[in-house]
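Please keep the sequence and the model open while reading.

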Amino acid sequence: MRKEKVLPKKTKKISLEYIFFLIAIFLTGYLFLAPGHPTTGDTWPHLVRQKIIYQSIKENFSPFFTFYFYSGYPHLQFYSPLFFFITGLFTLLTFGNLILSLKIVVFILHILSGLAIFYYLKKETKNLFLAILGALAYLAVPWRVLYIASFGNYPLSLIYLLLPLIFLYLDKSFLENNTKSVFLFGFFISLIFLSHIFYAVYSLIFILLYFFLKRYKLSFKIIFAFLIFFSISLFFILPFLLEYRNYLYPQPQLNLPPPNPLVLLGLKQEIGGYTGTYFGISIFLISIIGIIGLGISHWKSILWLISLLLTFLLPFFEKYTESLSAGLPPQRFLVYLIFFSALLIPNGFEYLQRKLKLPEKTLFYFLSILVLIDCLPSTIRLRYAEKENFLAVREEIYELLSYKKVFKVLDIDIPDDKIDNFRRLCRYPACNFLYGNLPSPLGPPFHQFAPKNMFYTYPFVNYLSKELTDTISRSLSENFLKISSLLGITHIITLPTLLGAGEEETYVLLKTGIEWDDRFLISGAQPPLVYGETKSPIILISNIKRPMKRGKLIKEGTLFIASDWQDFLKEIEIDYEKGEINFIPGLEKDNYDSLPFKSDLKIYDYSLKHNEIQIEYELTNQSYLRLPISYYPYLKVYLDNNQIPFYETKDHFIYLKSEKGRHILKVIFQQPPLRKYTLIFSLISFIIFIFLIIFKK
Amino acid sequence: MKKYYFLIILLYLLPIFFLTYFPFVDLPQHLHFAYVLKNFSNYAPYFEKRLFPMHNTFHLFFNTFLSKFLPLDITNRIYIALIILLTFFSFYYFLKVINGEKVFSLLSLLIAYNYNLFWGFMGIAFALPLIIFLFALTINLLKGNKKENLIVILLTILFIIIFLCHSLTFIYSFLSYLVILFLDRKSFRLKYLLPPLITLIFFFIPWQAQQFQKEGSELIAQFKENISLKAIYQNLLDFWERLGIKSDNLIIFIFKAVTLSTIFLLIATPNLLKENKILLTSFFITLIFYFFFPGSYTEAVFLNERFAPLIFLFLIAYLSLKIKKEILKYLILAILIINIFDLNIRFFLFEKYSREFKRIVNKLEPNKKVAGIFYERRPKPDLFGYDVFLHFPCYYQLEKGGFVGFSFAYIRYSPLIFKEDYPLERIDEWFPYRSLFPDRYKDYDYLFVTGEARLSDEQYFRKMVLIDSLSFFRVYATKE
């Protein structure tokens, strides 16, 4: 009888290194889950986008336009929407908890990005230690974590996930001759474009450089990949490319500085602004050692150096390269530096091992722990603000306003004469929407694609704020009330005008002209905000329309505004009781027209939704109506369910002609054909792609 | 010793020569005491002396004594220079007696300007290198050194100075010394107990007895404090920020790399622990003091933190026992060169503020009452991570006499305390505006102000006369 050799049964043992890796991943991502509410910079527009997607899923409307901001603007038509699709969906799963779902999504993406780069490095190096160390470095860079979590650049989480996947599947496509990999490569490129267009363009440049440095040969695979990329992202890319110039709001050249190398290396401590924050000396050093080990001509060294040069040199050529940097902070290129550092770190490890002749495992733990103790303290102890603290009395004002008829709310915050006051333009319009569901004539700041009416709205709002700082006049000026009517502001939240302070008292002024609710001021609540109803008519009528000269654009602060906004105000006269304007200001090309009779206006009811504004009114005679709604040619206006034409005013709002009688007016956003058909095409492509991935061997 | 060592030491001493004022938080208060003691005839109606038996007086005695021959500013510079020199030389000697690689002694210079010095804990900053020297002498003694009696005398002097530097450092040295003697019973002689016992009997016990008679024991108050788990975790996490400049991630990274290297070395070669029992004992006791010494008490906070630099020196000592590679010398030199540049540039940038302050002080009339209101306590960029201007108004007194608004003489355990008729009430040192406004600012002649005033305080400043405004400081006269 033949004796068979009995082999010991293979047991799968989870290596200690995996457990270490898992713990490290959680530690590096801890800040994403830290308690509290993020409040800085870009947090606000992102939260707004997230909430709108969430509401659009729940209430079944298109998330690509909203009347809640800027008097109506193309929300997510010119901003890559993928991140918000995900967070919006998660918000639905968390029953509307925006912050919780945001934190969960960003944390999951952080972990996934760690696993993605680990998988990529494992494939490349075939060594567990090298892959874990590289992945740890990729995750632990304090700048990366802080730039996402503290500065609110959330879509970057997707970029960190997609970068290793794109490079991985590019390699697989060419080295393994695998069609599925080609499809996935194309798919991930489409996702990166749907995540953030700026990073997508630069990722593409780096991919091309990589392609040529690795000497891959052009083949049909690439065409396939690009077909998939283009068809899946078509609904965003094509309208973007065709339309973005028409909708671009001019941006002044800001010449944002590059990050400060001293800050990145930790020699100087600064958080916030454009100077960057700590990068992690350990990561920087091991990457340099990697370059020493590989040589400067290796593709990794070249791409690492290019990302470094882009970060620090591009700003010096801002004049010539504005389109390259899109006016965005140069520190954004650090994303690529982090990625290529992570790729270099395994080489740094190998070089050190060769030179120091240390056991691989010992060196692995030494370097991993060094990276962690170098980087983690910068992020692990941070906390976000408490929602109750930064909203304070506003929460109660939102509650009170929910019982009132509101068209648009302007939150002045502290009155001043600063046209680009960040809190007024960004934070409070977003807060008012997020926590009070209140519309605003302002932001959330996405100045690049703000509607043209902002040429006037920005200086108008600044005028209102400036007037509230004036301590001489006891009543609100004529212009103040004009602006409220022109912008459709029904309510104002503000700190009262400060007159002075005695030993124990503070003297404030509440100007007449608005019915102020001063209960929080009297009770000494903090901040001592007041709010009031402007009683401004939201529709202005006239029997005359006349063209006005087009004004020039001038720069004020960091914004472009219309130079003739004051002259425009001077020419306008409004009867607030009747809701009558002396004439409808048309565009320069418009013609003069006068209707035979003046009319009286009575507004019965109105409502504002993301895609629809409805107003019920009555006219005694045929009249022109001016609506404080941004002019976009693709909007549809219905008068008693019959579509009617509408036109653009000089200040880029809407006007139309209405017959006498009682009417229901609806202004509706419907997906324009180009967007509608490309969206259908993209969805079909996506389904086909899924089918191919599942069934293709 | 190599010749280039001296050059390196000299470069570390450089700031002592060029700085107008030092960025050491409490130092101006210590100098204020020395000034008052030196000119006691002028201040006798306002201050009561409690000079002996009293700890935390070494800086005071050293400067008051030497200032009879030299200006106070110079004596203070000598004191700081001694700290730097002692840090290196005592550690060099320590490595020599434990047979460590002596090039590692250079790494001690990384913490020459350490946490204690930056906080202006002038006694503890002086005591730490002395403790290292004391351990080195003890090892020498237990090895059977022929100059046994001389070492015992030296140890006695050291114990006394260490007590005068700070009672905490004395307790630590006392305990460590006894445990070391206990563990090495073979070499033990009864006379070895004399140095700590003499200090205990003639200094420590009378000091405690006097405190019991008056305001109660500092130490008892200290031990009543609880140590929370959070504090222990914090001690671990913040260790590297308690070694030197807090706002410099580069030096903190080096500290971390050294710490990690030692931990890995000790895991790989555990015999190092067994073979060097005295080093292990000292290291272990230091860790106990660092992690578990009770938290805040009375006026001082977090005494345990002050042992962090000592831990770092022991970590280097372990490295020196095993690593002997030639390349290491170059690595250490590279680290030191970077550190020298980094450190001197920071001091150089700080000098701008010191000069500004001095310029302002020179304009003021002598013998006035002054206070500081620091709305912004650190310059931007934050050069050191400490509230370096907190006691800067004391420099006015050193230059022009008069009285300062906040003084350590308010603290009941100080060697100089206020008498009841001191002309100024106590103010909150961290938030002086809370004490000074709305009324008490009128008690002062000059106010040194930094940063943007609170909106509610603006009205008071409008009533004052702005004498000068430089980039960081403004000085107001409260009366026309």
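Helix axes are lines fitted to C-alpha atoms over the stretch in contact, and angles run from 0 to 180 degrees between N-to-C directions. The model described here is predicted.

**Helix pair**
- In chain A, helix α6 (residues 128-140) and helix α17 (residues 334-356) have axes that come within 8 Å and cross at roughly 145°.
- The crossing of α6(A) and α17(A) is right-handed.
- On the α6(A) side, the residues in contact include A:Leu130, A:Leu133 and A:Tyr138; on the α17(A) side they include A:Ile338, A:Leu343 and A:Phe349.
- The contact of α6(A) with α17(A) has 11 nonpolar and 2 polar residues, and no charged ones.

**Sheet**
- Four strands of chain A form an open sheet with mixed pairing, in the order β1-β2-β6-β5.
- Because β1 (409-413) and β5 (515-517) of chain A each have a single partner strand, they stand at the edges, and one side of each is left without a neighbour in the sheet.
- From one strand to the next, the twist averages 20°.
- β5(A) and β6 (residues 530-533) of chain A run antiparallel and are joined by 3 bridges.
- A:Glu515 has A:Glu533, in β6(A), as its bridge partner.

**Loop residue A:Leu442**
- A:Leu442 sits in the loop between α22 (422-436) and α23 (454-467) of chain A.
- A:Leu442 counts as buried because 26 other C-beta atoms lie within 10 Å, and the cut-off is 20 or more.
- Neighbours within four places in sequence aside, A:Leu442 is in contact with A:Tyr70, A:Leu425, A:Pro429 and A:Val461.
- A:Asn260 is 182 residues from A:Leu442 along the chain, and their C-alpha atoms are separated by 33 Å.

Key:
Residues numbered from 1 in each chain as written. Chains lettered and ligands numbered in written order. Predicted model: local features only at pLDDT ≥ 70, side-chain atom pairs only at ≥ 80, totals over all residues. Pairing = 2+ DSSP bridges. Helix = DSSP H or I, 4+ residues; strand = E, 2+ residues; numbered from the N terminus. Left-handed = near helix turned anticlockwise from the far one by under 90°. Contact = placed C-beta atoms within 7 Å. Nonpolar A, V, L, I, M, F, W, Y, C, P; charged D, E, K, R; others polar. Buried ≥ 20, exposed ≤ 12 C-beta atoms within 10 Å, placed from the backbone.
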